[in-house]
Amino acid sequence: MHIVVDLNRCQGYAQCVFLAHQIFRLSGDEALTYEPNPDDARRLQVQRAAAACPVQAIMIDRQDDAERGAA
Amino acid sequence: MVEETPWQQALRYANRANPYPFYAELRKTPVARQPDGTYVVSTYREIVALLHDPRVSSDIRKIRQATTTDAEQEAGASEDVISLEPNIITSDPPEHDHDRRLMTRHFYGPQDAPHQISDLEPEIGRVVAGLLDAMRDQTRIDVVDEFAYPLPVTLISKILGVPLKDEPRFHAWIETALNALDFGPEAISEELQSQLEGGRQGVRELKRFIAELLDTYAKQPGPGMLSAMVHDDGREGHMSEGVLLSNALLLLFAGHETTVNLIAHSVLTLLRHPDALQKLRRRPELIVPGVEELLRYESSVQFWHTRSAVEDIEIAGTLIPQGSPIFLVYGSGNRDPERFANPDELDLERPDNQHLGFSQGIHFCFGAPLARLEVQAAVGEFVRRVENPRLVVDPPPYRHNQIFRGPRHVLVDIDGIRD
């Protein structure tokens, strides 16, 4: 699966980190880093993280959709 | 006889099951001054603006005394007697930031891998399964007492290191304290006045109980977060005994009261919306966005009461004078049609659902990830396993408290529990 986090929206609430620390990580108080292509086995965890984001900055498989749309 | 404002009507116990028509009336004046000088904010945009406004304090001590009613001064005086330091909901930066960071490390784990709450998922699943298994031979259940309450109280007690055997005692103290708190026109009623001293006593007992537990852990380290905080190495700074005590009280209280209401309201709401219930049965993965919608639809914290203006604030054509109390009504913002299309409809797949169920800004719910895991597991398994659930009483009886709004019982007839 593929994820994109809009880092301009991210405000460092860290909800994704608490629900899926294998994929999302905060360095310092606000700088988020993440694994953009997590294993499909982590799909539920990633979905939970995306749903929990207070600013809805996490997009799942959107790039694939966009590519399909453009094709 | 002066007519009551929409806010005062929304707070009346008779309207606890459905305050929403009064919220709709309230939103006609986004920032509404009440007769006691409180400014009640009910529209999404204004709530969010004030949640991020540095001119708003959350420290209850900064509310100007002149604007408080007799009942509130009474309550303020009793707080002096009980003398609790500010906790992370009732403090401002920089103390707030320091204390919350420290608590985050103890609650979630180290910053590079905060795994402690997500690691609890199997345990949450076991507790949920056990509660449903225990109902196998029943034809009628109380969703509140038998399902919604035991799960969060079991988990938060374990996380904190509060012995579960003491649950009947601290549950009773918390209930008594909550029932004595009233922000509406019924605060002056004889019934409420007669409960005030009991409520204070409940807080005192709870405080003594936690203080003794912290003392015990100071002498002999034990399991859980409270013991770990007592023995904190201080590398991120110090938390005084008094502040630790206040925050321990907060975690024990908020760690179960709010989640109970969310689970009970979620089951109640789904049983009132058979189409949504069917959809969730067919597509169990919808529990993840579904819980977000349930948080929006019936917020466990309807409003918050400790904020005030540290300077004059002009917003939505209203001037909030310095020192005035500000109530942000999350339950109303979540039903604001300017922000949410068809806000009174339940849509488990609602797009762009930036609800206020956990607030926003620096006081965003500390335990939100735990609550989400608990409610997703509990409601998901209830929907999957409980056969033919039917509401017995609708609307159900509600608890008295206006902030932590939730049903006292939700009786449901069932045909059985699937494996």
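Me: How many residues does the contact take from chain B and from chain A?

Reply: Two residues are in contact if their C-beta atoms, placed from the backbone, lie within 7 Å. Here 18 residues come from chain B and 15 residues from chain A. On the chain B side, α14 (287–297) and α16 (368–385) each supply at least two residues; helices are DSSP runs of H or I with at least four residues, strands runs of E with at least two, numbered from the N terminus. That side of chain B divides into nine nonpolar, five polar and four charged residues. Nonpolar covers Ala, Val, Leu, Ile, Met, Phe, Trp, Tyr, Cys and Pro, charged covers Asp, Glu, Lys and Arg, and the others, Gly among them, are polar.

Me: What should I know about the model and its numbering?

Reply: The model is predicted: local features need pLDDT of at least 70, side-chain atom pairs count only at pLDDT 80 or more, and totals for chains, interfaces and linings use all residues. Residues are numbered from 1 along each chain as its sequence is written, with chains lettered from A and ligands numbered from 1 in the order in which they are written.

Me: Which pattern does chain A follow along the sequence?

Reply: Chain A reads β-α-β-β-α-β-α, with three helices and four strands.

Me: In what order do the three strands of the open sheet in chain B stand?

Reply: Strands of a sheet pair through backbone hydrogen bonds, either parallel or antiparallel. Two strands count as paired if DSSP finds at least two bridges between them. In chain B the order is β4-β11-β10, with antiparallel pairing. Three bridges join β4(B) to β11 (residues 411–413) of chain B, and B:Arg140 stands opposite B:Asp413.
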